[in-house]
Every structure is written in structure tokens, then in C-alpha cells.
Amino acid sequence: MIPVHEAKTIIKSFLNGTGSEIVNLDKAGGRILYECINADFPMPRFDNSAMDGFAVKAIDTMGASKENPLTLKMVGASYAGKPFEGSIQSGECTQCMTGAMIPKGADAIVIVEQSSGFSDKEMVQIYSQTRKGNHIRIQGEEVKENTLLIEKGKNISAGELGILAAFGFGEVNVARRPAVALFSTGNELVEPGKSLAKGQIYNSNMFVLGDMIKSAGGKIVLQDVISDDKSSLKTFITSALNQADIIISSGGISMGRGDYVRSVLIESGVQEHFWKVNQKPGKPLFFGTADTSLIFGLPGNPVSSFICFQEYIDPVIREIQQETPLPPMKATLTDTFSVEKSKHRFRFGKYWINLNGKIMCSAFPHDGSHMLTSSLDANCILEAPPGEFDLVPGDEITMKRINWRN
Ligand code: AMP
Ligand code: MG
């Protein structure tokens, strides 16, 4: 049995990047950016109007008011996407819509509400004076050309997609998603929707793990439920080793009769790097490699497999895609966290920010490794190394946000 930090160090030493691929922007959401994105042009790209109104020379409008309107000659219109091609002289104006290029010669916008309105008449009355630059979005005021917009390693979500699109990137270089093979084992398992016979239970791990694999960026290429039988395990594992960068099993890795996963993995050529970690839950965790494939054997207990996935596999799937990791966090306990004398303890918890801006947290009371309801409202995993004394309210504890929850 090895300590948690050693297990994590061993895993880290076997990680290789997945490399990258080019995808169309409409397929880039949720992927990890594999290049830095720089602005090829300034934003705004050209001086344009922030309001619907008239493009004028500001100096012409001096002294204009409702009582003393200024009359300008309207020489054309500039629409978004259809600029006015000429230029305006003193005493002239053009209609100019939001997003339209500012015509040559104009240096301010008078909003339409401060005028006699849009019409096809040649003369327009202006009811207020304006100053140079008013209601004009200046070229480059938001982003200068060649500015770094998004760093490599960012998870692409709505904000990044918007910026990539706004700067014209029709395709983008992203990390290749690791191919994952997932299987659960257990003669007692029945798929949800079917009826249960005596002693049977529903297969929940497959859904939990499948969802977390996808959120971390993995691509499931093979998935099955295997009975506790050596030859069925061997068939699945052989095929998984040929296709997957990461193989994840649930169940059958412990000490029971019928727990064949470890021995079949080893017989299939997997090199074991550790089996059993000094932790609760998740003691029987297995890690091995075969060529460049990483193999994780998770215990079947639902809380154990959930927490082991979050602690050991989620970071791996993200790291091999070179996603920038979340920083480690500390939070202050509001309730007692009972510590194990000899084992590293993980528990589902909830964190929040109190009125003083301090990060607070508490663990859930019903947290046996078979009690999956403890995950329902969890947004973090709390952990404490082995120790003599329980942590008490006010103590700080290490906290890891569950990546896909706020
Ligand atoms: P095992 O690790 O195979 O000894 O299983 C430990 C416990 O987890 C047993 O109570 C199993 O019935 C349960 N278990 C195993 N696999 C699953 C699964 N896929 N979904 C829900 N419970 C499971
Ligand atoms: Mg089992």
C-alpha cells in the first residue's frame, strides 16, 4: 500500500500528451486550445457608430439646440456592412447606423433622437451640439493588432468561442481527446430501466464515470458491462488495449472471490505500478500501463469510484490535453471533519463564499463508500491526511472543486 501523494507522482511519470488536431469552430466547444490565439487585426476593426444617428463634423454643431436647430444637408447613408463611399464637407451629414463605418470627413455622431429624424428629405435638423468622437467606437480601442487573446491550454467555452469567431478563426487547433475504454464488472449489475431479481442492483457507476469522462474531455470508444468471468474480461481488455489511450474499470479489483480484474489485466500484458493506496474511500485502486495506454482499476463502491475518478483520472485526462489546471484551494470548515488515524480521508463536501468573501465548506454526514447520495449536492471533495485529531470548525482543509459544478 502506498500513500496518496506517491500514487499521484507515479501516475504523473507515465503521462504523455495527446497531440493536437484541427477542428471547425462549431466543433470546438469544450475542447482544449492547443495554440495561443493572437489578434490578426484591431477590434473594432474600423471606426464605427455606437448609435443610430447622423455622422457630422462636430464643429458644425456648435450652439445647436431644440430652440435653435442647425440645418445640415444629408448627402447619403452609411449602413452596417454598407459604408458611405464619399466624404462629407462642412454643412453636410449622412445617416449612420449602429456598426456602420464613419464616413470620411465626419468626426462625431448625433443620435437620431436629437434630430428631425430619418427620412429621405435632403435637409435635416440637428437639435443638440456634439463633440469630436461622440458615439464613435474607435478602431483598436478594445484590442490592438497582435494582442494575445487566449492562451494555450484554455478550455473553450462560450466566451472563447465568441472571441475566436469575432476574429475570424473558422478552425482551431485543439488537443486530441484521449480515447477511453470503460467497463464495469459485476454479476449483480442490471441496467436501469430493467427489473431487478433478488440480490441484483442497478449499474450506476457506468453513468457516473461515463459522464465524468466526457466532461474531462475524454472520448469513449468502447464501453461494456462484463460479468465476473475471466474470459469475458480478457476479451474486453484485449480489445481495449488495442484502441484506448485510457482504460477505466469499475469493480472486481478488490480481495473478493470473483475479483479478477487485476489478474486478467496482468495476464493481458499490463504492467502494474501500484495496487492499493492508503486512502478512504478507494483503497484497492489499481494503476498500470501497457505501451502508452494508462489503465485504472477503480473499486466498485460508487463513492470510491467517483472520488478516485475525480482525484486521479480527471486530472490525467485534462493534463494530457495540456489543459491549464485549476489552482489548489483551501476552505474553512464549519463542521467537524473526522480524520483517520492511518488513512488519507476524502469526502464529498459543499463549499460556498460567505458574506466576508471567505471560502467556507462542510462535509456530508452520510458518506459511507456505498452511499452515493452524498454526491448529490456536492460541489467539492475535501481531504485530510492521516492524523490523531479531527479537524474542527474554523480549521482550514484542502478542497478540490468538482470541475463541472459551481
Ligand atoms: P466490487 O469492487 O466489485 O467488490 O464491488 C463493491 C461494491 O460496489 C459492491 O457492493 C458492488 O455491488 C458495488 N458495485 C460494483 N459495481 C457497481 C456499479 N457499476 N454500480 C453500482 N454499484 C456497483
Ligand atoms: Mg464486483
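**Figure 1. Strand S4 and its antiparallel partners in the predicted model.** Strand S4 and strand S7, the latter spanning residues 108-111, run antiparallel and are joined by four bridges. Within this pairing, Phe-54 has Val-110 of S7 as its bridge partner. Strand S4, which covers residues 53-56, is also joined by three bridges to strand S6, residues 92-96, and this pair again runs antiparallel. Here the bridge partner of Ala-55 is Thr-94, a residue of S6. The coordinates shown in this and the following views belong to a predicted model.

**Figure 2. The surroundings of ligand 1.** Ligand 1 is surrounded by 19 residues, and the closest of these are Ser-184, Asn-203, Asn-205, Gly-251 and Gly-300. When the shell around ligand 1 is sorted by class, twelve residues are polar, five are nonpolar and two are charged.

Figure 3. Val-303 is found in helix H6, which runs over residues 302-320. Val-303 counts as buried because 23 other C-beta atoms lie within 10 Å, where the cut-off for a buried residue is 20 or more. If neighbours within four places in sequence are left aside, the residues in contact with Val-303 are Pro-281, Asp-367, Ser-369, His-370, Met-371, Leu-372, Ser-374 and Ser-375.

**Figure 4. Domains of the chain.** The domain assignment places residues 4-18 and 177-320 in domain 1, residues 20-40 and 153-175 in domain 2, residues 48-137 in domain 3, and residues 329-401 in domain 4. Between the C-alpha centres of domain 1 and domain 3 there is a distance of 67 Å.

**Figure 5. The chain as a whole, for orientation of the close-up views.** The secondary structure of the chain consists of six helices and 25 strands. Of the 406 residues, 37% count as buried. Among the contacts in the chain with a separation of 6 or more, 71% are accounted for by residues 24 or more positions apart.

Conventions. Residues are numbered from 1 along each chain as its sequence is written. Chains are lettered from A and ligands numbered from 1 in the order in which they are written. This is a predicted model: local features need pLDDT of at least 70, side-chain atom pairs count only at pLDDT 80 or more; totals for chains, interfaces and linings use all residues. Helices (H or I, at least four residues) and strands (E, at least two) are DSSP runs, numbered from the N terminus. A residue is buried if 20 or more other C-beta atoms lie within 10 Å of its own, exposed if 12 or fewer, and partly exposed in between; C-beta atoms are placed from the backbone. Two residues are in contact if their C-beta atoms, placed from the backbone, lie within 7 Å. Two strands pair if DSSP finds at least two bridges between them. A residue is near a molecule or strand if its C-beta atom, placed from the backbone, lies within 6 Å of it. Ala, Val, Leu, Ile, Met, Phe, Trp, Tyr, Cys and Pro count as nonpolar, Asp, Glu, Lys and Arg as charged, and the others, Gly among them, as polar. Domain bounds come from an automatic or database domain assignment.
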